[in-house]
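Good morning, colleagues. I would like to take you through the strands and the nonpolar cores of one structure.

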Amino acid sequence: MLFNGKNMSGGNNSYSHTTNTINYNLITVGYGIYDTLHILDGLYYYTHSYVYDTLSDTSIYDQWLSETLLLSTFSNSLSGGSIDLNIKYISAIRIKRKLANQYNSKYITLFEKTVSSVDDLITTEYDNYAKAKNTYTYAVCPVMKDGTEGELSETTVYSDFCGVALCDREHLYFTELETNYSFAKNHSESIVKTLYNKYPYVIHNDIIDYWTGSMSAMWVGINDYEYDLENAFIYRSRFCDWLNNGEAKILKLDDGREWLISINDNIQESSEDHWQKVITSFDWTEIGDCENAKDLYNTGLIEKDPDNYAVE
C-alpha cells in the first residue's frame, strides 16, 4: 500500500522500502480526510517506481491498474472495488435465487439486466414468486461478454406474507378476505374387472401427477393501508381481465404452498350479505413445477432460457 508515494506495510519499517510479509484481510481508515484509497500489489512499486518520482502525475492514484487490489475514490460513497476496471468486460448482471434450506436446491435466474455503464449496475427487482415461510439465498453475478459468469455475491432472505397471492412477472394480487379453497391431487388409472376375481385390478400406466383446485375470495385494492371499497369494482375488473388472459400464473398460500397454474373455465362473481361484499371464484390446473427454471421459462414467467445462458 502506498501513502503519498511511500510504502506502508506495517511494522517499524513502514516508511522504508522494506515490505513486511503480512496477509491482510481487513483495513481500517480513520482520523483524517482522504481523497483516495488505493492498494497495490507490493511488487508494483519497485517495477514502476519512476511513476511516483513525477509529482505532476497524480492521476496514477485514482486509476485502476492491473496490480490494483482495491481502489476507493470516496465519490459520494464508501464503496470500493474493481467495477470501473472490469465494466468493459461485463455485458450483463444476473439475479438468482434458490431455497436455502433444501438439499441440492439449484439457482433459478429470475432477472438479467444488460450493462453498458456503471449506472446500469444499480437496479431494484421484486421477486413475486417467493414462497411464504421459506428462506432463500439470493445471488447477483456479473456476466462476461463471452457468456461466462463471475463470482456470486450472496445474501439470505426469509419470505413470508399473509393470505393468498396470485402473480406473474408484472402483476401481484393478494387478499386475506373471505378466502375459501379446495384442492385435489390428480393421477390416472385403469380399473380392470375380471370374471374370476372378487376384486378388480388397478393399473397405473403413466406418470400423471398434478393438482387442480377451486379458489374464492374477496379481492379489494388497498389505498393508504386501508381497503378501498369505493373503487373495488375497478380493481376487481382489472383482476378478472388479468385472470382471463390465458397466461400462466403463480398461486401462493401463506402456509408455504405454491403452484404454477392456468385458470380454467369461467370466472364467477357473487354478492353475499352486502352489495360491496363480492366474492370472486375460479378453478385452476397445475401446469408445471414452480421451482423448475425450465417450466417457468416455458410458461413465460422468467426471461432467460436455463438451457441457453449465453449472452447475445
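Two strands are taken to pair if DSSP finds at least two bridges between them; helices (H or I, at least four residues) and strands (E, at least two) are DSSP runs, numbered from the N terminus. This is a predicted model, in which local features need pLDDT of at least 70, side-chain atom pairs count only at pLDDT 80 or more, and totals for chains, interfaces and linings use all residues. Residues are numbered from 1 along each chain as its sequence is written, and side-chain values use heavy atoms, with hydrogens and water left out.

Let me begin with strand S5 (residues 90-99), which pairs with strand S7 (residues 134-144) in the antiparallel sense over nine bridges. Within this pair, isoleucine 90 stands opposite methionine 144 in S7. Both strands belong to an open sheet of four, ordered S6-S5-S7-S8 with antiparallel pairing. Strand S6 (108-114) and strand S8 (153-159) are at the edges with a single partner strand each, so one side of each has no neighbour in the sheet.

Next, the hairpin of S9 and S10, with four residues between the strands. S9 and S10 pair in the antiparallel sense over four bridges, and leucine 166 stands opposite tyrosine 173 in S10.

Leu166 leads us to the largest nonpolar core, of 17 residues, where Leu166, Leu251 and Trp284 have the most contacts inside it. Such a core is a set of buried (under 20% relative accessible area, 1.4 Å probe, protein chains only) Ala, Val, Leu, Ile, Met, Phe, Trp, Tyr and Cys residues joined through side-chain atoms within 4.5 Å.

Technical notes. Buried < 20%, exposed > 50% of the residue type's maximum accessible area, 1.4 Å probe, protein only.
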